[in-house]
Amino acid sequence: MKALLSGNEALARGAYEAGVRVAAAYPGTPSTEILEALRTYEGVHAEWTPNEKVALEVSSGASLAGARAMAVMKHVGVNVAADPLMTAAYIGVKGGLVLISADDPGMFSSQNEQDNRHYARLAKIPMLEPSDCQEAKDFAKAAFEMSEAFDTPVMIRTTTRLSHTRGPVSLEPRKEGPVGLGFDKNPEKYVMIPGHARRRHPVVEERLVRLAQASETSPFNEIQWGSRERGFIASGVAYSHVKEVFPEDSVLKLGMSHPLPNGLIKTFFQEVKEVYVVEELDPIVQEQIQAMGLHPKGKGILPLVGEYTPELLSECLLGQPAPQERTLMPRPPVLCPGCGHRAAFYVLGRLKLTVTGDIGCYTLAASRPLQAMDTCACMGAGIGHAHGISKALGDAVQGQVVATIGDSTFFHSGITGLLNMGYNGGRFTVIVMDNSTTAMTGHQDHPGTGRTARGNPAPAVDIARLAQSIGIEHVKVADPYDLEGFRSVVKEALAHPGPSVVVARRRCALLDRASWKMPLTVDASECTGCGVCLDLGCPAMMKTGETAEIHQGLCTGCSVCAQVCPAGAIS
């Protein structure tokens, strides 16, 4: 039986068929749909965790109890999980342990485009790279078997193109893993104090040698002979692009890209006159081959940045100009109509504050017309940035620095920043943009929503009470729809001589459609055309001729535009 699945759904299906019992993830494009698919399968405990580090630790613990387990995250999430990952490589597994990293070449929804194949090399664990949806399912199943056979976590790397591509996938029944459930005390293997870790490191190195030998004969690595005049070495989606553009040439397909099959590579070079390595982002394979004394072509001809396409390969390697892209009307990302974040950042912008930001919907406030965010680096960094600025500049910026962070991001990695702020006496204000969901990735639940990944009831953490419990004395909750009220609360917090927190609480407008009111209208006879309402950046606001107009199909009736209109023309 076959089904049309996305790459993410195929990975979930493969894990299910392999008998995975525990899966944990933090949502992040392009990986989110993997756990959303897994939670629909019976026999799988699937949960959203506060961050990726916790997801991997939960999965590793389940593995040590004999369960096949999976941790899922986008590429930057592996940075968060890197600490337990490096030691998990020493501890090994009991039930198979698989980590999926969904990379994002081209940065369609990310703050960088790092190449997570580096992590497999750094942790000295195997890396599998499926090139289509069927392989995504097959590789997920095989990864659990490899994990148990070699006593190691296994990484699977996908990219955005595969994660969201749909293709036919053969379905098979679920099979339970061969390892029995139960935790066996084994402190020399599971407790990584220095004395134990020193004995485990040689085991990791010896395992890497055996993995390299297995890579030589792995069915995932395959030479597909064609013309001996030109050949390609490629993995993942890049392999599919190569086959499309160069169907007559020889290809060494690397489904297992770490450790490399050096013998297979040498055989390929002996037979093929001119060899290209086609790999998105970093020249990881190319440099390892060069270290073997071989001389492939690749980077320098092909770009170091961005997503590869068949058209790009054709242009770079054949000199054939890529077809012109269809001209589309530019549509910059904007905050949704009725979004409470817009009102909050409008106030912050008018107060002319230094605003450090974070990762989420609200990052869009950095763009025109709001332009109300001054820094953004990674999840949770906004609070640390504000603390650093306030400590560096002292009284000169007292009452002028605000850190903004969403509720999901706060639970992900903002809590530790807030702890530091209280502990070290940060003199700035943290504003938690609480819209009661993880909106950016599609409304996933988190520890503050009161629901689990399956929608079951759960304790809901109150952010204001949490802030008070860790020693922040000045904590207020305000509705950003009430511009004057919110402005007053923020100014009061800024005037507080110690650390302060404001919870800007307004449920995501897309989740709370029942609260939408009748669309507002502009009285053209009263409108002066000043454009202040357009400064909100609401998609429902537009200017027709000399006056403003409100799109009746988009307006949620939030009334924020009416509050900023100096002529009182909106009602």
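This is a predicted model: local features need pLDDT of at least 70, side-chain atom pairs count only at pLDDT 80 or more; totals for chains, interfaces and linings use all residues.

Trainee: What makes serine 163 count as buried?

Mentor: Its relative accessible area is 1%. Buried means under 20%, so serine 163 is called buried with its value of 1%.

Trainee: Which residues does serine 163 touch, leaving aside those up to four places away in sequence?

Mentor: Serine 163 touches Ser6, Gly7, Asn8, Pro30, Ala102 and Thr158. To be in contact, heavy atoms must lie within 4.5 Å.

Trainee: Gly7 also belongs to the contact of H1 with H6. How do the axes of helix H1 and helix H6 lie?

Mentor: The axes of H1 (residues 7-17) and H6 (residues 133-150) come within 7 Å and cross at roughly 35°. The crossing is right-handed. On the H1 side, the residues that meet H6 include Gly7, Ala10, Leu11 and Gly14, and among their counterparts in H6 are Cys133, Ala136 and Phe144. By class, this contact has seven nonpolar, two polar and four charged residues.

Trainee: What makes helix H14 "mostly covered"?

Mentor: Nine of the eleven residues in H14 (residues 340-350) are buried, among them Gly340, His341, Phe345 and Leu348. Each of these is therefore under the 20% limit of relative accessible area. The buried residues of H14 pack against strands S14, S15 and S16 and helices H18 and H19.

Trainee: Where do Phe345 and Leu348 stand in the largest nonpolar core?

Mentor: This core has 69 residues, and Phe345, Leu348, Val430, Ile431, Phe486, Ile550 and Ile570 touch the most other members. A second, separate core of 43 residues includes Ala12, Ala15, Val98 and Leu211. In soluble globular proteins, nonpolar side chains tend to be buried together.

Trainee: Why are S9 and S13 called edge strands of their sheet?

Mentor: The sheet is open, with four strands in the order S9-S11-S10-S13 and mixed pairing. S9 (221-224) and S13 (274-278) each have a single partner strand, so one side of each is left without a neighbour in the sheet. On average, neighbouring strands are turned by 15° against each other, direction ignored.

Trainee: How do you know that S10 and S11 pair?

Mentor: Pairing requires at least two bridges. S10 (residues 227-234) and S11 (residues 249-254) have five bridges in the parallel sense, so they count as paired. Phenylalanine 232 stands opposite valine 251 in S11.

How values were computed. Residues are numbered from 1 along each chain as its sequence is written. Side-chain values use heavy atoms; hydrogens and water are left out. Buried means under 20% relative accessible area, exposed over 50%, partly exposed in between (1.4 Å probe, protein chains only). A nonpolar core is a set of buried Ala, Val, Leu, Ile, Met, Phe, Trp, Tyr and Cys residues joined through side-chain atoms within 4.5 Å. Axes are lines fitted to C-alpha atoms, for helices over the stretch in contact, and angles run from 0 to 180 degrees between N-to-C directions. Helices (H or I, at least four residues) and strands (E, at least two) are DSSP runs, numbered from the N terminus. A crossing is left-handed if the near helix is turned anticlockwise from the far one by less than a right angle, and right-handed if clockwise. Ala, Val, Leu, Ile, Met, Phe, Trp, Tyr, Cys and Pro count as nonpolar, Asp, Glu, Lys and Arg as charged, and the others, Gly among them, as polar.
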